There are 4 protein chains.
Amino acid sequence: MPILGQNQYGKAENRVVRITRDGATHHIKDLNVSVSLSGDMDEVHLSGSNANVLPTDTTKNTVYAFAKEHGIESAEQFGIHLARHFVTSQPAIHRARIRIEEYSWERIEHSGKGAHSFVRTGQETRLAQITYDGSAWEVVSGLKDLTLMNSTDSEFWGYVKDKYTTLPEAHDRILATDVSGRWRFNWTDDEAPMPVWDESYAQVKQHMLQAFAETYSLSLQQTLYAMGARIIDHRSEIDEVRFSLPNKHHFLVDLAPFGLKNDNEVYFAADRPYGLIEATVLRDGVEALIPADLTNL
Amino acid sequence: MPILGQNQYGKAENRVVRITRDGATHHIKDLNVSVSLSGDMDEVHLSGSNANVLPTDTTKNTVYAFAKEHGIESAEQFGIHLARHFVTSQPAIHRARIRIEEYSWERIEHSGKGAHSFVRTGQETRLAQITYDGSAWEVVSGLKDLTLMNSTDSEFWGYVKDKYTTLPEAHDRILATDVSGRWRFNWTDDEAPMPVWDESYAQVKQHMLQAFAETYSLSLQQTLYAMGARIIDHRSEIDEVRFSLPNKHHFLVDLAPFGLKNDNEVYFAADRPYGLIEATVLRDGVEALIPADLTNL
Amino acid sequence: MPILGQNQYGKAENRVVRITRDGATHHIKDLNVSVSLSGDMDEVHLSGSNANVLPTDTTKNTVYAFAKEHGIESAEQFGIHLARHFVTSQPAIHRARIRIEEYSWERIEHSGKGAHSFVRTGQETRLAQITYDGSAWEVVSGLKDLTLMNSTDSEFWGYVKDKYTTLPEAHDRILATDVSGRWRFNWTDDEAPMPVWDESYAQVKQHMLQAFAETYSLSLQQTLYAMGARIIDHRSEIDEVRFSLPNKHHFLVDLAPFGLKNDNEVYFAADRPYGLIEATVLRDGVEALIPADLTNL
Amino acid sequence: MPILGQNQYGKAENRVVRITRDGATHHIKDLNVSVSLSGDMDEVHLSGSNANVLPTDTTKNTVYAFAKEHGIESAEQFGIHLARHFVTSQPAIHRARIRIEEYSWERIEHSGKGAHSFVRTGQETRLAQITYDGSAWEVVSGLKDLTLMNSTDSEFWGYVKDKYTTLPEAHDRILATDVSGRWRFNWTDDEAPMPVWDESYAQVKQHMLQAFAETYSLSLQQTLYAMGARIIDHRSEIDEVRFSLPNKHHFLVDLAPFGLKNDNEVYFAADRPYGLIEATVLRDGVEALIPADLTNL
């Protein structure tokens with residue numbers, strides 16, 4: 001008989017908005033929460049018995065109830081509350097994984113009364129993944145869709161040339177990417193002090209942006225490593241960083257047929273294909289735990 | 001024989017990035033330009049003769065060549081250069097319509113050398129549509145995907161109730177929308193002074209945000225009208241505004257089954273269906289020219 | 001005071017699935033229904049009074065109730081029931097427009113009991129738009145995302161060449177497009193016999209496919225006209241057709257640098273930019289009523 | 001110094017269309033090919049030296065050249081040619097992974113000459129992933145976006161109830177999902193006879209559809225296991241199957257407020273949240289190698 005392997009289930013993409021009222025000043029947290037549970041689940045697959053199955057609908061209800069009971073201090077803290085609950089309250093659940101997307105908002109400045117009007121910033125989506133097996137925690141934070149560009153200080157030359165190579169070397173090119181990144185915290189133990197999640201996120205993002213801007217780049221791989229290394233060097237709470245960086249090609253347009261010189265001024269921003277550069281940067285001595293394929297391609 | 005009606009053709013979605021170098025300080029314009037031409041085009045439809053057809057590939061080349069020859073001062077100004085060129089240089093082309101999306105970038109602050117590193121703001125997409133028929137101009141600017149929320153000061157009650165009505169009245173609800181807006185300038189004549197496009201855009205966006213924030217709302221229609229009216233009242237260069245505003249429902253979650261009170265704190269952000277409110281606001285005495293259906297639903 | 005112009009409101013994207021049981025054999029209709037109402041709506045915009053406003057939530061309820069009360073014989077017939085209801089039951093509503101997307105399913109053949117298992121065909125999305133003002137009907141049917149390709153019998157040459165033209169003439173190219181089409185019925189009067197909506201749709205799609213396949217093409221415009229003319233010629237219930245056809249470029253890859261000949265065998269399928277060809281084809285003597293811009297670019 | 005961990009690079013989403021001409025009868029293969037290479041790549045990350053880097057542009061060229069040199073017999077066979085080439089021709093490349101999406105087309109029947117007109121079927125996207133390290137092969141095939149529905153013969157009851165459970169038990173519900181599946185072949189050795197890739201794919205899809213249709217379902221987990229087990233039982237070339245199945249909820253609409261009975265006829269098709277059921281089914285005695293998270297949520 002075919003064997004059942006790794007399995008998990010839950011309710012994905014629970015969209016929860018939490019408003020906190022401090023008089024006429026409101027605060028907002030806007031999350032997309034996915035719950036994934038594993039454990040003693042052979043029977044539901046083999047015979048259809050749901051005796052061990054907490055319904056996915058219940059996991060959805062729990063997300064909303066916890067937004068009231070615990071509030072949402074940060075995505076990571078909220079995920080920790082949820083993961084602990086499922087593993088400790090359900091004997092058949094041995095592991096809970098909570099994945100969260102967070103959308104950020106800023107206040108609209110205006111001359112009316114109150115402070116309860118917001119506009120979405122629309123920049124990156126913040127990510128958090130919290131996994132708990134009843135004894136140890138794994139927290140991986142991240143972001144996606146942060147689009148960066150250096151309009152100079154990027155080169156690409158000295159590469160291997162085989163019979164299919166036609167690319168001319170470049171000594172001044174645009175370097176652009178949509179950052180997809182994940183970073184793993186070394187906090188695993190309830191007894192140890194937790195990282196300050198929001199401050200950590202803000203600092204990591206800053207280091208990422210600055211490493212991108214300050215690296216004179218001979219390859220996107222070099223820039224990627226600089227971004228990861230800077231985080232490892234400056235943030236002691238983080239042991240591992242993984243990036244998936246598309247090389248969003250900006251091709252210099254040949255304007256010579258029109259009698260025009262294109263001195264690195266006019267570019268065609270291409271869609272597909274694109275380079276895709278992926279790597280892990282680790283603190284010396286630690287084991288890599290973030291999976292290699294962050295995207296599905 | 002079936003008759004040929006309105007027709008137009010061109011190259012859509014030309015992605016052009018223009019870098020301007022002011023020493024080590026770079027500036028960036030990032031556009032998506034679509035060209036649409038009309039004129040004496042019966043033969044290409046009826047017999048396939050391309051004798052009057054300027055290839056769409058040529059219109060693409062022209063976009064890139066003009067980014068060099070004229071630079072990109074603003075989306076509107078760039079579209080005016082293009083539209084004028086096609087209509088005045090090609091006898092068979094009687095009308096040109098240029099549609100532009102613009103993506104905005106901000107500088108990355110850092111302590112390295114130079115100022116040529118950017119991060120996309122990711123907020124709204126700016127829009128411009130320039131139409132020229134050889135004698136008069138029509139310029140419609142706009143934006144899409146600007147997501148707004150008021151977490152209070154919105155009500156909805158006193159509506160019609162028929163046999164299919166089950167909605168309870170609301171005296172304190174979230175009001176959220178993704179603004180899709182277009183506004184038409186009254187500049188039509190080459191001899192008249194042009195609006196200052198970028199400043200006008202910034203001001204219109206400000207008025208929009210402030211009207212949204214400052215209107216105590218009894219209906220999304222009321223908020224829409226307030227946004228449009230404020231633009232008409234404050235910006236003499238604009239005669240007409242059209243909005244398409246989805247009512248992005250945030251439903252208060254019923255936490256009573258869990259023994260919890262939800263005092264306007266925890267909401268479910270729904271996807272579909274959504275309300276859709278659309279209207280035009282006009283300066284008194286002018287004719288409406290922006291089409292009614294901005295979106296395809 | 002700024003003037004209120006054309007306005008409409010309603011609930012968009014109501015996803016309704018209707019199962020009809022004929023013993024163990026089930027039938028399925030899967031629609032996405034958007035309601036848009038206009039009428040005496042000044043007050044809701046100006047003062048926020050909802051006294052004339054049937055809530056969008058009620059329009060949603062009506063969609064689901066009508067799926068039970070009237071069934072869903074076809075998208076068009078269902079839209080007619082809805083539009084008639086809103087206009088005739090609400091004095092303040094003077095026009096109703098119903099837009100419908102329909103997704104098609106086919107049966108899964110299997111050796112078990114019953115006939116209630118389906119797989120989505122995934123090909124085009126069928127469209128219907130029904131508009132009623134209390135006296136006359138306008139029904140526009142359509143489809144989108146029908147992807148077609150001719151791998152030969154397409155040429156493009158003899159076009160205008162200006163200083164920005166670099167395109168070489170083509171005497172054997174791939175012609176590919178995603179059809180977005182709308183066609184308007186001449187049925188407007190309740191007293192006249194209605195078209196047989198589903199049969200008409202199937203026939204129109206057939207004519208479209210065959211005209212695409214059988215036209216030796218000197219331009220995409222010529223193919224477009226042939227598709228529209230064939231519908232007008234063969235379907236007396238239809239007076240007007242509008243197409244928006246992207247020219248999905250397939251570029252022959254230059255393999256000469258690798259010592260290979262590419263005899264129309266290997267192509268790069270490009271994303272952006274793309275040609276965009278749009279036109280109306282009409283029965284002689286009728287007025288064009290389908291708007292020119294089916295897409296937002 | 002921070003350590004470089006797993007890394008890979010290449011050109012993603014090369015869109016290649018290959019036409020094969022058999023007289024006036026043409027055949028088409030339409031692929032999206034992503035190349036990912038790993039090996040001796042420390043230097044490019046640490047110093048930016050590209051001495052070991054075959055440019056991603058070259059990997060793109062190779063895709064197009066191989067479409068000519070080897071043709072595209074199947075996605076899997078094409079990936080095998082590519083992976084072997086990169087690993088055996090480049091000393092610094094120790095592993096190549098080729099990921100392919102395939103889009104299927106069917107002929108347009110018509111009465112004109114030739115057989116070179118096609119319409120995209122639009123149903124599922126076929127997937128293939130080929131990995132080669134110079135000694136052993138791993139081939140994982142799959143599909144995504146195959147949408148299935150059973151309109152009856154699905155129940156859900158007898159589950160765990162905790163304080164957050166409000167879901168009523170269901171004894172007749174719609175079961176619908178978008179199948180995302182991957183299956184791993186036990187072929188690893190060049191000396192062994194290869195599977196017949198296209199026939200295997202067609203058979204696996206058939207078994208999947210039939211298991212879905214023929215399983216009276218007490219839980220989506222049970223249906224998932226039945227789909228996987230049937231493939232393992234019937235296809236000896238496959239050792240492991242992984243599914244990620246969203247439970248696309250279709251909620252019975254409460255029509256009682258309108259005096260109507262909804263006897264499993266009218267459903268609301270919801271978007272988010274959705275259940276997400278994921279599991280591996282294995283041949284007894286083999287090791288699971290397909291990663292647990294096929295999707296990013």
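Is D:Arg97 buried or exposed, and what is its relative accessible area?

Tutor: D:Arg97 is buried, with a relative accessible area of 12%, where buried means under 20%, exposed means over 50% and partly exposed lies in between, with a 1.4 Å probe and protein chains only. Before going on, please keep in mind that this is a predicted model, in which local features need pLDDT of at least 70 and side-chain atom pairs count only at pLDDT 80 or more, while totals for chains, interfaces and linings use all residues. Residues are numbered from 1 along each chain as its sequence is written, chains are lettered from A and ligands numbered from 1 in the order in which they are written, and side-chain values use heavy atoms, with hydrogens and water left out.

The side chain of D:Arg97 meets that of A:Asp293 in a salt bridge, at 3.0 Å from N to O; the term stands for a side-chain nitrogen of Lys or Arg within 4 Å of a carboxyl oxygen of Asp or Glu. The pair joins two chains, because A:Asp293 lies in the segment after β13 (274-282) of chain A and D:Arg97 lies in strand β4 (residues 93-103) of chain D. Helices and strands here are DSSP runs numbered from the N terminus, with at least four residues of H or I for a helix and at least two of E for a strand. A:Asp293 counts as partly exposed, at 23% relative accessibility.

A:Asp293 also forms a salt bridge with D:Arg99, at 3.5 Å from N to O, and D:Arg99 sits in strand β4 of chain D, so this pair joins two chains as well. D:Arg99 counts as buried, at 15% relative accessibility. Within chain D there is a salt bridge between D:Glu237 and D:Arg235, whose closest N and O atoms are 3.0 Å apart; D:Glu237 counts as buried at 14% relative accessibility, and D:Arg235 is buried with a relative accessible area of 14%. In chain A, a network of salt bridges links A:Lys29, A:Glu76, A:Glu102, A:Arg126 and A:Asp198. Over all chains, a search of the whole structure finds 89 salt bridges.

Now turn to chains B and C, where the side chains of B:Arg97 and C:Asp293 meet in a salt bridge of 3.1 Å, N to O. Six salt bridges are counted between chain C and chain B, along with 47 residue pairs in polar contact, both residues being at pLDDT 80 or more. A polar contact is a pair of N or O atoms within 3.5 Å; within protein, one must be able to donate a hydrogen and the other to accept it, and residues adjacent in sequence count only if both atoms are side-chain atoms. Among the elements that give two or more residues to the side of chain C that touches chain B are β1 (3-12), α2 (56-69) and β4 (93-103) of chain C, and β1(C) gives the most, with ten residues. That side of chain C divides into 34 nonpolar, 31 polar and 18 charged residues, with Ala, Val, Leu, Ile, Met, Phe, Trp, Tyr, Cys and Pro taken as nonpolar, Asp, Glu, Lys and Arg as charged, and the others, Gly among them, as polar. The contact, meaning heavy atoms within 4.5 Å, takes 83 residues from chain C and 83 residues from chain B. The two chains bury about 7,000 Å² between them, 52% of it on carbon and sulfur atoms; buried area is the accessible area (1.4 Å probe) that two parts lose on being put together, summed over both.

Between chain C and chain A, nine residues of chain C are in contact with nine residues of chain A, and the area buried there is about 830 Å², of which carbon and sulfur atoms give 59%. C:Phe258, C:Asp271 and C:Arg272 supply 54% of the area that chain C buries against chain A, more than any other three residues. Two salt bridges are counted between these chains, and A:Asp271 forms a salt bridge with C:Arg272, with the closest N and O atoms 2.9 Å apart. By class, the side of chain C that touches chain A has five nonpolar, one polar and three charged residues.
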